[in-house]
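Please keep the sequence and the coordinates at hand while reading.

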Amino acid sequence: MALALVLLGAPEQAAVGQGFGAGLTAFQAGDYALAMTQWRPLAEAGDSTAQYGIGRLYQKGLGVTADPLRAFAWYSKAAEAGHAGAQFSLGTLYDDGIGAARDLAQAAAWYRKAADQGLAEAQYNLGFMYGRGEGVEQDDTEAARWFRLAAEAGNGEAQNELGVLYAQGRGVIADLVQAYMWFRIAAEGSNERARANLDLIASSLDADETEEAEMLAQQFRGEMTATP
């Protein structure tokens with residue numbers, strides 16, 4: 001499965017001290033050693049965003065030697081505290097068997113926690129698992145539900161997968177107009193699989209259906225632009 005990595009951004013909660021912002025600035029500038037210096041005391045004091053940041057550093061080997069076990073430990077602390085990015089990242093470690101034994105049920109459980117908080121990458125991964133019955137019972141309806149949430153949040157992989165479900169009538173009523181619309185949107189985001197799928201399905205629609213699909217895509221773009 002293609003697993004995205006949530007980018008470290010602004011803290012999701014108030015930092016314990018004043019060092020988080022300095023650490024984030026250092027991280028964004030590529031000074032990972034300084035980021036670690038700033039974040040470690042906050043993380044040890046229980047700040048989940050700093051814990052997540054340290055997990056990122058250890059997972060990717062940024063400013064430190066890559067250490068999956070330490071990444072797993074820091075992600076676990078932040079995930080248990082409710083940090084969505086850490087929950088997603090912990091899910092990816094269980095999914096890939098990095099830092100812990102591979103456990104798809106645990107991966108799905110952590111993806112669900114992050115997905116319930118609105119994290120599109122987790123929603124996509126959970127939809128993927130439902131579609132293939134990995135870590136959860138196979139359920140196309142659930143796959144479609146999670147793909148839709150991620151697709152509506154702008155996740156290109158989910159947009160493509162939702163288009164596939166509409167084209168095949170899996171988990172949703174078959175609808176080639178909807179399939180075309182989602183393939184079009186995903187393709188505009190440089191999703192190569194969606195571009196190929198769009199080419200395949202285009203010949204199955206007549207002119208009126210194509211116009212309707214293009215109008216739906218335009219409407220979606222407008223809604224995304226209007227979203228703050």
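At 48% relative accessibility, Ser-190 counts as partly exposed, where buried means under 20% relative accessible area, exposed over 50% and partly exposed in between (1.4 Å probe, protein chains only). Ser-190 is found in the loop between α10 and α11, and its phi is near 70 degrees, a positive value in a residue other than glycine. Most residues other than glycine have a negative phi.

The model is a predicted one, in which local features need pLDDT of at least 70 and side-chain atom pairs count only at pLDDT 80 or more, while totals for chains, interfaces and linings use all residues. Residues are numbered from 1 along each chain as its sequence is written, and side-chain values use heavy atoms, with hydrogens and water left out.

## Overall build

The protein chain contains 12 helices and 0 strands, the helices (H or I, at least four residues) and strands (E, at least two) being DSSP runs numbered from the N terminus. Along its principal axes, the C-alpha trace of the protein chain spans about 60 × 35 × 25 Å. Of the 228 residues of the protein chain, 46% count as buried. The protein chain exposes about 10600 Å², of which carbon and sulfur atoms supply 50%, with accessible areas taken from the Shrake-Rupley method with a 1.4 Å probe, and for residues only the protein chains shown counting as cover. Among the contacts in the protein chain with a separation of 6 or more, residues 24 or more positions apart account for 51%, a contact meaning heavy atoms within 4.5 Å.

## Salt bridges

A search of the whole structure finds 10 salt bridges, each being a side-chain nitrogen of Lys or Arg within 4 Å of a carboxyl oxygen of Asp or Glu. The table includes three of these pairs.

| Asp-95 | Arg-102 | 3.8 Å |

Glu-161 lies in helix α9 and Arg-193 in helix α11 (residues 192-202), so the pair ties together parts that are 32 residues apart in sequence. Glu-161 is buried at 8% relative accessibility, whereas Arg-193 is partly exposed at 41%. Together with Glu-157, these two residues are linked in a network of salt bridges.

In the pair of Asp-95 and Arg-102, Asp-95 is buried with a relative accessible area of 3%, whereas Arg-102 is exposed at 55%.

## The largest pocket

About 160 Å³ of space lies in the largest pocket. Of the 12 residues that line the largest pocket, the closest to its centre are Glu-152, Met-181, Trp-182, Phe-220 and Glu-223. A pocket here is an open set of points on a 1 Å grid over the protein atoms alone, where a 1.4 Å probe fits, with protein on both sides within 12 Å along at least five of seven lines, and lining residues have an atom within 4 Å of a point. Grid points are joined across faces, edges and corners, and the volume is the space filled by probe spheres set on the points.

Helices α8, α10 and α12 (207-226) each supply at least two residues of this lining, and the largest share, 5 residues, comes from α12.
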